[in-house]
Amino acid sequence: MNFIPNFKGFDFFPHDLRLPFMRYRDIAVGMSVVGMLISLALFFTYGLNYGVDFKGGSMIEIQATKGNADVGAIRDKLSKLGLGTPQIQEFGTAQNVLIRIEQQPGGEVEQQAALKKVVDALGTDYVQRRVEVVGPAVSSELRTTGFIAVISGLLAIVAYVWFRFEWQFAVGAIVALLHDVLLTVGLFALFQFEFDLSIVAALLTILGYSVNDTVVVSDRIRENMRKYKRMDLNELLDLSINETLSRTILTGCTALAVLLSLYIFGGEVIRNFNFAMLFGVIIGTYSSMFIAAPILGYLGLRRDGGDKAAASGPETAKAK
Amino acid sequence: MLHFSRWKIVVILLTVLGGLIAVTPNFLSRETLDRLPSWMPKRQMPLGLDLQGGAHLLLAMDADDLKRTWLLAIQSDVRRVLREAKLNFTGLGQAGGVVVVRPADPKDNDAVLRELRKIPQQVGNALLGTAGADIDVRTTADGGMQLVPTDVGIQNRISGAASAAIETLNRRVNNLGTAESTIVRQGRDRILLQFPGLSDTTLLKQLVGQTAKLTFHDVNAQMTAADAKAAGRIPSGYRVYPSAEREGEEYLLRDAPIIDGVDLVDAQPGFDQRTNEPIISFRFNQAGARKFGRFTQENVGRPFAIVLDDKVLSAPVIREPILGGTGQISGSFTVETANTLAVQLRSGALPAKLTIVEERTVGPSLGADSIEAGRLAGIIGAIATVILTVIAYGTFGIFAVVGLVVHLLMTVALMTLAGSTLTLPGIAGLVLGVAMAVDANVLIYERIREELRNGKPPISAIDTGFQRAFITIADSQLTTLACAVVMFWLGSGPIRGFAVTLVFGILTSIFASVTVVRLLISWWLRANTKSRRTVEVPV
């Protein structure tokens, strides 16, 4: 192995840093509660801009065969078809246009008929790059399964955390996860970004990433509880978050770098997905430190139960 | 922890080698693969429709349509069994999804009931406890009798029809010339069609959009459809059929066909020799030819109707008996519609109407753009990860990068072996998997640093670092796995593609980022403790 140069990594992190997270927990939790309430309000007032997956209807991405696409002309042509108000926007480049036709009254057959009208009206100046038509039956099923997927994802995670840690950790985790999901949904409601199946996948991944972070901090809390039996709980939570902070930041930066690359270069089709993921990684990291851990402080942790088991274990021996 | 027995090293290296071999076909062209010896793996990871372009159609079977045809069949069964038993009956018809009939003479009640009980069949799966008769025969208080299709019967009907529909669709789309199409059942009454490389779905939709049930009917000689409607009474056994050609035109036809498409053995598009219009010429099998011959012999000078999907295509007058079992259908066909209809008639009718409930088509240019974008984003993301890791952890960072390469390799190998398709969300999943695999190394190295700061000797610090971090890694991976499994289980389309890569990423990350990296570090330690007495850990 001598052909590999030996050089030390750059340890950027001031390891004796002790940030007083718990001192600001009330402010942090308060802000998050306000954020969650705003998200809920946005969700119920603005609502989400559902994509065809959930709302039904058609989406057609077209590309001009020569020159740039003429959004105005397309709008003129399509508004005459009597298919409601088509949404027409440039997509990625000036050549590409995304057309959304709302779900037509009637049934499955009417959606296909609408698509045919649009395609006929566009003629040969444009080629279709993507067509998505979702009928009323499928869209309502996708809505249901999407909702169930997020809820079962949450429950699966919480069940695991409950199984591995004490119940207080599970409470902290579920509140933190709800927080992440709500804020992401609120952001999509605020900016009216399209919310489709891929965003549900993003929400589930955010859940996974966020709980990953929470578990790392929780593991450390559990370890420190065995190590420092008489330390004040808030002090112990602070210590645990600080001790894992270098890892939190490094992993977070790597994930952000990768997601940023996907967001910038990954193409128009999955841009919303990557946006949700970027936001989710930040919010998920935040919630582990500022939501999940403080909740343990509020709920309190039983300090003696774990000690008995640990007293005979290797951890205590090493700590002495 | 840092000692590896020889066999363990061999197992690790063989696993990586296996991964490498499994991945290789993905980078070779089809021709190169064909030239390889037969024992080499040739499986490539198929690209999803969003990457290679193609069409995805989800069809739903019209259960109402199916029930309607079934009720008609029950009705004619009732007529047949009662006639065969020479029992008189009245009021045979349908009411609210039920076939009703009444014995002409109440004395015959028991005999009629006995005959009707011959109609239901046992269906379903006895093992699953879902078995039962497909029709329930009941008597009503006023002396009538009802034949009620049971739930088991309807389910059985639908699933039978779905299988039959898949066969028919397979025969129909064979004519499209797309080699790798898949047609599979989804759920109870849905059929999923996937056509890689097909971006113009017009013809496909025409092919699947029509039941193509061809029947030949007797035309009522006494009265026209307009007369019957004016009189407000349609003669029993007859029904009004609309014309396929002219709006508003209607025919009064006997409901039971003389002959139907089942007896058709061939249908070819062609041209009428006199008018040069597109037509379809057909040929009956022997039984069909005999039936048709007898009917035309008996009815020279009278019209009969050619009906397609309950609409009258034409109603020619029989000039002379048609005994050869061949004939031609004219209508206002274009060359294309004649071609499509000929294919449909040859392939047989669908058991029920299929409606398109979901369509997703991606053109080849978008697919290529997506691959390009995914590749670029992946490369840049990977470079960023490598730079961050090596700066943060030096030599050990290089080991972590090797671990990441192995991770990516094994993930793609597993996906290739499992035959799962790579989709655009899948690429995002791969890239994200790498970012999460880095986390394992970050956890280990941060822990080693911590142990070193606490004054542990290097080797013991490394050892404890791996041990302690492992618990956390396992916990965090398992929670993510729980999430990914839910995604796979409930998700459809993009969610599933993403979940698959995530699951494989998690499965390989412990091997790649923990085991392989630990092996590299143990080799490094051996090399460096020989040359120097104390080791300085480059982390």
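These legends describe close-up views of a predicted model. Local features need pLDDT of at least 70, side-chain atom pairs count only at pLDDT 80 or more, and totals for chains, interfaces and linings use all residues. Residues are numbered from 1 along each chain as its sequence is written, while chains are lettered from A and ligands numbered from 1 in the order in which they are written.

**View 1. Overall form of chain A.** Chain A holds 11 helices and 6 strands (DSSP runs, H or I of at least four residues and E of at least two, numbered from the N terminus). Its radius of gyration is 25 Å, well over the 20 Å that the globule rule gives for 320 residues, so chain A is more spread out than a compact globule. The radius is taken over C-alpha atoms, and the rule is 2.2 Å times the number of residues to the power 0.38. The C-alpha trace spans about 80 × 55 × 35 Å along its principal axes.

**View 2. Domains of chain B.** The assignment, automatic or from a database, gives domain 1 (6-53 + 364-531), domain 2 (64-155) and domain 3 (210-360). The centres of domains 1 and 2 of chain B, over C-alpha atoms, lie 62 Å apart.

**View 3. Strand E7 of chain B and its partners.** Strands pair if DSSP finds at least two bridges between them. E7(B) (residues 145-149) pairs antiparallel with E3(B) (residues 99-103) over 3 bridges. Here Val100(B) stands opposite Gln146(B). E6(B) (residues 135-139) also runs antiparallel to E7(B), joined by 5 bridges. Ile135(B) has Pro149(B) as its bridge partner.

**View 4. The hairpin of E6(B) and E7(B).** There are 5 residues between the strands, and Gly143(B) takes a positive phi near 90°.

Methods:
A residue is buried if 20 or more other C-beta atoms lie within 10 Å of its own, exposed if 12 or fewer, and partly exposed in between; C-beta atoms are placed from the backbone.
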